[in-house]
Amino acid sequence: MTRYVTLSIRGGERVSAWIPLIILYVLAGICILVMRKIQPDNKEYLIYVVWTVFVCIAITFFVVVHGLRVQVH
């Protein structure tokens, strides 16, 4: 049995939650590359990368847990 994480949107339609998450990860990667181009000598670059990855993982965790909670109820 495969469980899909979905989001409910107005009108009762359900869409896959993976699409916005993929967009989030791509956007985060683009932002990291742009920041690296703008400030190539910034010593805190690694901190920004770690923070961005942490935020993406936290949002992914929230979406998965929320999706599982909605399916159980």
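This is a predicted model: local features need pLDDT of at least 70, side-chain atom pairs count only at pLDDT 80 or more; totals for chains, interfaces and linings use all residues.
Visitor: How much accessible area does the nonpolar patch on the surface have together?
Guide: Patches are built from residues with over 30% relative accessible area and no salt bridge, joining like charges within 9 Å and nonpolar side chains (Val, Leu, Ile, Met, Phe, Trp, Tyr) within 5 Å. A salt bridge here is a side-chain nitrogen of Lys or Arg within 4 Å of a carboxyl oxygen of Asp or Glu, and areas come from the Shrake-Rupley method with a 1.4 Å probe, with only the protein chains shown counting as cover for residues. Trp 18, Ile 22, Val 26, Ile 30, Val 34 and Ile 38 form the patch, and together they have about 580 Å².

Visitor: Is Val 26 buried, partly exposed or exposed?
Guide: Val 26 sits in helix 1 (residues 18–38); helices (H or I, at least four residues) and strands (E, at least two) are DSSP runs, numbered from the N terminus. Buried means under 20% relative accessible area, exposed over 50%, and partly exposed in between (1.4 Å probe, protein chains only). At 48%, Val 26 is therefore partly exposed.

Visitor: Which class does the one aromatic pair fall into?
Guide: Rings of Phe, Tyr and Trp (its six-membered ring) pair if their centres lie within 6.5 Å; planes under 30 degrees apart are stacked, over 60 edge-to-face, and the rest tilted. Trp 51 and Phe 54 have ring centres 5.5 Å apart and planes at 35°, so this pair is tilted.

Visitor: How far is the sulfur of Cys 56 from the closest cysteine sulfur?
Guide: A disulfide needs two cysteine sulfur atoms within 2.5 Å, and a search of the whole structure finds zero. Cys 56 is buried at 4% relative accessibility, whereas Cys 31 is partly exposed at 44%. The closest cysteine sulfur to that of Cys 56 is in Cys 31, too far for a bond at 9.4 Å.

Visitor: Which residue has Arg 36 over its face?
Guide: A charge sits over a ring if NZ of Lys or CZ of Arg is within 6 Å of the ring centre and within 35 degrees of the ring normal. Arg 36 is 4.5 Å from the ring centre, over the face of Tyr 45.

How values were computed: Residues are numbered from 1 along each chain as its sequence is written. Side-chain values use heavy atoms; hydrogens and water are left out.
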